[in-house]
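Hi everyone, thanks for coming.

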Amino acid sequence: MTIKKIPAGSNGVAATAPSALVWLRRDLRCHDHAALYHALRRHERVYCAFVFDTDILDALPTRCDRRVEFIHASVLELHDGLQQLAARSGAPGGGLIVRHGPSLTCIVQLAQALGVQEVLANRDYEPQALERDQRVAQALGELGIAFSDYKDQVLLERDEVLTQQGRPYSVFTPYKRAWLQRLDAFQLKPYPVARYARHLAPPPAGERLPTLADLGFVPTNLHALPLPTGMRGAQQLLHDFAPRMAAYHEARDYPGRKGVSYLSVHLRFGTVSIRQLAALAAQQACEGSAGAQTWLSELAWRDFYFMILWHHPQVVTQSFKPEYDRVQWDEAPELWQAWCEARTGYPLVDAAMRQLLHTGYMHNRLRMVVASFLTKDLGIDWRRGERFFAQHLNDYDLAANNGGWQWAASTGCDAQPYFRIFNPITQSERFDPDGQFIRRYLPELARVPDAHIHFPAAMKPVELAACGLRLGVDYPQPVVDHARARERTLMRFSPIS
């Protein structure tokens, strides 16, 4: 699906058009910003707007949502950042217009009221977002207002990385090789927004920024978490990670260690530029850093899943490999509740789920472990786990979340067969060897010795008594036997394969 634009000069708008509106969505920053750069370069007056979209917010199951609070805090900082950017250029403008309502209505009415000739935005690749943008573009077009969109949240998009036969890749490794060959200095070059900041226009008189309460939401525990918000928060985390990047390839799989960047939520909402991150990684990789090379590969994974979603939007509800839609998953309501409530009896799984429930974050290695456990040990449909993550993850992103869950369930675009089944005990022994992470989120196991921290159910009664642990009371018995569950999974998949 492509966005229709009004044919009027270069990129659908005359070069001398005096005013434009930049519609910010998942790009909450005022530097290295594609749509903002193009608007400022071509227009005399540029307004900036963000919509708290009720089509999205009203569907949330609770009015206590960390993501909404993160966005709200980041929007406030963005407003200040735009004002400061304008002031440094000697302009009286800057600032952000904020609306609360359906995006279609808000953007069309605002563009008309401001009298702009063009609305510019950075591309979103999710099916619902594409449909929304198509409807906005059509409504604007009926008013004689152009709509233009730009690549910004990914490095290489849509058809930029294809096989020699001109088809999209379906396996990551060959995609990554082609992606690395295609990636060059131009793709990593930042957009010089500040050069044209004098064209920033002030919001109309009487505009005010809504409070969280105005939006109908209440504060969460966000500010008690080690998750700084906004552009400054992103740069703080990046400054912390930069010297650790060299060890990323060794440290990234250990949830008890500070081995990852913690930038995923900032990438999700665009408070940091993907080009800034990739340029830093590419520089260190060229200097021989194995950690930087691995982190750059993770950014390639991100582009890969966006590409998959663009070319195969059916993956939102169906298996990437259609034959696996015939898999017969179990309902198992008691097992489902045990997984959701961190009561499986497998400490690494339960600690990971508590991390998610308490903080909205889950370490990437653990996302694979708990997803494998739900689909391969409990036999529950990956779509249910995906929806649960969508509800709780601060950094929830449809493309990556869907790709990750289908990878774990062996229904997705992965070269590994269905009999890749993570053993939750050996995963724990390997990646949390001293139980540091487990004890952080399962304090009831604090006195369990290292030899048994990964599976207390194997302890003898005298050993349980020695550390004061009552299985079934203080900590649950295992809800399934992994060896038997593995055999059931093999039987579940084998008739289809």
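Let's start with a contact between two helices: Phe70, Ser74, Glu77, Leu78 and Gly81 in H3 meet Gly230, Met231 and Arg232 in H8, where contact means heavy atoms within 4.5 Å. Sorted by class, the residues of this contact of H3 with H8 are 3 nonpolar, 3 polar and 2 charged. Here Ala, Val, Leu, Ile, Met, Phe, Trp, Tyr, Cys and Pro count as nonpolar, Asp, Glu, Lys and Arg as charged, and the others, Gly among them, as polar.

A quick word on what you're looking at: this is a predicted model, local features need pLDDT of at least 70, side-chain atom pairs count only at pLDDT 80 or more, and totals for chains, interfaces and linings use all residues. Residues are numbered from 1 along each chain as its sequence is written, and side-chain values use heavy atoms, with hydrogens and water left out.

Back to our helices. H3 covers residues 66-88 and H8 residues 230-241, and their axes come within 7 Å and cross at roughly 100 degrees. H3 and H8 are therefore roughly perpendicular to each other, a label for angles of 65 to 115 degrees.

Now a second pair. Helix H4, residues 103-114, packs with helix H5, residues 127-142, at an angle of about 30 degrees, and their axes are 10 Å apart. That makes H4 roughly parallel to H5, the term for angles under 35 degrees. On the H4 side, Ser103, Leu104, Ile107, Val108 and Ala111 meet Arg132, Arg135, Val136, Ala139 and Leu140 of H5. That contact of H4 with H5 has 7 nonpolar, 1 polar and 2 charged residues.

On to the rings. How many aromatic pairs does the structure hold? There are 31 aromatic pairs, meaning rings of Phe, Tyr and Trp (its six-membered ring) with centres within 6.5 Å. In one of them, tyrosine 125 and tryptophan 310 have ring centres 6.3 Å apart and planes at 80 degrees, so the pair is edge-to-face (planes over 60 degrees apart). Tyrosine 125 sits in the loop between strand E4 (118-122) and H5, and tryptophan 310 in helix H12 (residues 290-311), 185 residues apart. Both are buried, that is, under 20% relative accessible area with a 1.4 Å probe, protein chains only.

Phenylalanine 172 and tryptophan 301 are stacked, at 3.8 Å centre to centre and 10 degrees between the planes; stacked means planes under 30 degrees apart. This pair also links distant parts of the chain, H6 (residues 172-182) and H12, 129 residues apart.

How values were computed
Axes are lines fitted to C-alpha atoms, for helices over the stretch in contact, and angles run from 0 to 180 degrees between N-to-C directions. Helices (H or I, at least four residues) and strands (E, at least two) are DSSP runs, numbered from the N terminus. Angles under 35 degrees count as roughly parallel, over 145 as roughly antiparallel, 65 to 115 as roughly perpendicular and the rest as oblique. Buried means under 20% relative accessible area, exposed over 50%, partly exposed in between (1.4 Å probe, protein chains only).
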